[in-house]
Amino acid sequence: MPGELSRAAAIVGAAEANEIGYPEKNKTALQLHIEAIKNVSDQTGIPISRIDGIFSAGWSSELAEHLGLHPKYIDTTSVGGCSFEMHVHHALAAIHAGIIDVALVSHGESGWSSRNIGGRGSGRGGPGGDPWALGTQFSSAYGLSGAPSNYSHAMTRHNHRFGTTPSDFAHIAVVTREWATLNPRAVMHSKETHPFGGPITVDEVNNARLVAWPLTLLHCCLVTDHGGAVLITNPEIARGLKTKPVWIAGAGENMSHSNMLEMEDFTATSAAASSAAAYKMAGMGPEDMEMAMIYDSFTVTAGITAEMLGLAKRGEGFTLWKDGHARPGGRLPINTNGGGLSFNHSGMYGMQLLVEAYRQLSGTAEDNNFSGLKGKQTKARSCIVNGTGGSLSTTGTLVLVAD
Amino acid sequence: MAYNKPIPEPSPLTQPFWDGAKAGKLVLPRCTNCNRVHWYPRYLCPFCHSADLEWFEASGEGRVHTFAVQHRAFGGWAEEAPFVTAYIDLNEGDRMLTVLRGVDPKSPDLSWVGARVRVEFEPASEDVHIPFWRVVQA
C-alpha cells in the first residue's frame with residue numbers, strides 16, 4: 001500500500017536557463033537561476049509571486065531577495081549533486097503538510113563561465129569570494145564589517161521611531177547577565193569564569209566601549225565555541241525513552257531580506273510572520289507562552305523580536321526586561337541560559353536556544369551544577385523559541401510544550 | 001594618495017551604474033512594466049517580475065533613513081574610524097548604503113535621521129568612482 005506522502009504533490013513544470021553549456025557571453029550563477037525561474041513561471045503560468053517555498057543548494061535567501069519573495073519554507077540543503085532530488089522530497093512533505101502551495105526547486109551554477117573569469121559570478125561569498133556578488137559591490141565598499149556594524153542601524157531607527165533609548169535596551173543586557181549568574185557554563189557567569197563576569201548595571205552597559213554607535217560592547221553578544229545537538233522522534237518511540245519528551249506544538253519560518261540594504265522596516269523582522277505560523281499550528285497565542293528563548297545577538301535583536309512575537313506592543317519590547325518580567329522569578333522568563341549576550345554565542349546561536357528550551361520544559365534546567373544553579377529552573381510549561389539569522393534577515397520560530 | 005579601501009568591481013549586470021558614476025551621474029535601474037525603481041540591480045524586477053528593465057539618471061537626492069557610527073573597521077576603513085554609515089532613502093524610491101559625509105562622527109545625533117542628502121562621487125580607480133552621500137543643510 002502506498003505511503004501517506006505518495007502522490008501528495010506533482011512536478012508541474014521544468015525549464016532551463018536561456019543559454020546553457022558554453023554560453024557565448026559568460027554568465028553568473030545567479031543569472032542562470034533567475035533565467036530558469038522566469039522560464040518555468042512562463043511555462044506553467046504560475047506567477048513568481050505565488051512561490052511560497054524555496055529549495056536550492058545554498059542559494060535560497062539570495063534568490064528570495066532577488067525576487068522580492070518572503071517564502072514560508074526555506075531549504076538550502078547542499079550536499080552535492082543529489083541535493084535537488086532531496087529538495088523534491090522535502091517539498092513533497094512541506095506541501096503535504098499544508099505549509100506551502102508552490103515549491104520552487106532551483107539550480108544555477110556557472111561551472112564554465114566562472115572558470116573563464118577567475119571565479120567571478122560564482123556567487124561564492126566571504127573574503128576572496130565572488131567580487132561580483134552584489135553585497136561585495138554595494139556594501140563592502142562602505143566599511144561595514146561584521147554583525148554590529150549592521151545591527152546598529154536598527155537600534156537607531158527604533159530610537160527614532162518609538163522614542164526609545166540605548167539605555168532602555170541596556171536593561172536587556174543586565175537581566176540576561178542575571179540569568180548567566182545562575183548558569184555555571186556561562187562565559188560571564190562570575191569573576192571565576194571571566195574577569196568581567198558577574199552582575200552588571202545599566203550604567204556599565206551605557207559606558208562600555210563603543211563598537212558601533214549606538215551599540216556598546218555590552219549590547220553585543222559573545223564570540224565563543226559551542227557544540228549542540230537534539231534528537232526528534234515520533235510519539236511511539238518518545239514514550240519508551242528514559243528522557244522526557246518536549247512536544248513541538250508549532251513551527252514557522254520566514255525571511256524578509258538577505259542584505260540589510262533590502263530591509264524595508266529596520267524596526268521589524270519576519271518573526272511576525274514566522275511566529276504567526278507557529279502559533280497557528282499550535283492553536284496557541286502569545287498570551288499562552290510562559291517563557292521565551294529569543295535570539296539575542298544584540299540587545300536590539302531581542303527587544304525587536306519580543307515585539308514581533310506578540311509578547312509586547314510595538315516599540316515596547318524592552319519593557320519586558322526593564323519592568324522585571326523577564327528576570328528570574330518574573331512572569332515571563334526570557335533567555336534563561338544567560339543568552340548569546342552572557343552565556344555563549346558561537347556565530348549561529350540557534351542551537352543554544354533549543355538546548356535550553358528542552359532543559360526548561362523537561363525540568364532539567366538546574367538538576368546539577370552543569371545545566372544550572374538553584375533558581376534557574378522555571379515553572380514554564382510552554383516556550384516560544386525564535387532564531388534570527390543574517391542581518392535581521394531570516395527567522396525560525398517554534399512553540400514547544402512540556403509533556 | 002591612492003585610494004586604500006575596498007574598490008567595487010563592476011559586473012556585466014552593474015556596468016551601466018558604474019559607467020554613470022564615472023561620469024558623475026547617479027544612474028538607477030527601473031522597471032518599464034510597473035515603473036518602479038529598485039536598488040540593487042536585478043535580472044528581474046523584484047516587484048512585478050518583469051525582465052524589461054532600463055537605466056535612467058536619478059536626481060542624486062535623498063534622505064537619511066537610519067545611521068550608525070562605526071568604531072571598529074578593517075583595512076583602509078580602520079584608519080578612518082570612527083565614521084558614519086547610513087542607509088539613504090532615494091527620492092526615486094528604494095535605498096542605498098553609504099558612508100555619510102558632512103556630519104561629525106564624534107557627536108552622533110538622532111536628528112540626522114531624515115536629513116536631506118546629495119550624492120557625490122570619489123574616484124577610487126580610473127574606472128570606478130564610488131558614490132558617497134553628503135548631508136546638505138536641512
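**View 1. A:C383 and its partner in strand 9 of chain A.** A:C383 has A:L400 as its bridge partner in strand 9 of chain A. The model shown here and in the other views is predicted. Eight bridges join strand 8 (residues 382-389) of chain A to strand 9 of chain A, and the two run antiparallel. These two strands make a hairpin, with four residues between them. In the turn, A:G390 has a positive phi of about 70°.

**View 2. Strand 9 of chain A beside strand 6 of chain A.** Strand 9 of chain A spans residues 394-402, and eight of its nine residues are buried. Strand 9 also pairs with strand 6 (residues 246-255) of chain A, in the antiparallel sense and over nine bridges. Within this pairing, A:W247 has A:V401 as its bridge partner in strand 9.

**View 3. The side of chain A that touches chain B.** Contacts link 37 residues of chain A with 35 residues of chain B. Among the elements of chain A that give two or more residues to this side are helix 1 (29-44), helix 2 (60-67) and helix 5 (134-138). Helix 6 of chain A gives the largest share, seven residues. By class, this side of chain A has 17 nonpolar, 17 polar and three charged residues.

**View 4. Strand pairing between chain A and chain B.** Strand 4 (210-213) of chain A also gives two or more residues to the side that touches chain B. Two bridges pair strand 4 of chain A with strand 3 (residues 61-70) of chain B in the antiparallel sense. Opposite A:W213 stands B:V69, in strand 3 of chain B.

Notes. Residues are numbered from 1 along each chain as its sequence is written. Chains are lettered from A and ligands numbered from 1 in the order in which they are written. This is a predicted model: local features need pLDDT of at least 70, side-chain atom pairs count only at pLDDT 80 or more; totals for chains, interfaces and linings use all residues. Two residues are in contact if their C-beta atoms, placed from the backbone, lie within 7 Å. Ala, Val, Leu, Ile, Met, Phe, Trp, Tyr, Cys and Pro count as nonpolar, Asp, Glu, Lys and Arg as charged, and the others, Gly among them, as polar. Two strands pair if DSSP finds at least two bridges between them. A residue is buried if 20 or more other C-beta atoms lie within 10 Å of its own, exposed if 12 or fewer, and partly exposed in between; C-beta atoms are placed from the backbone.
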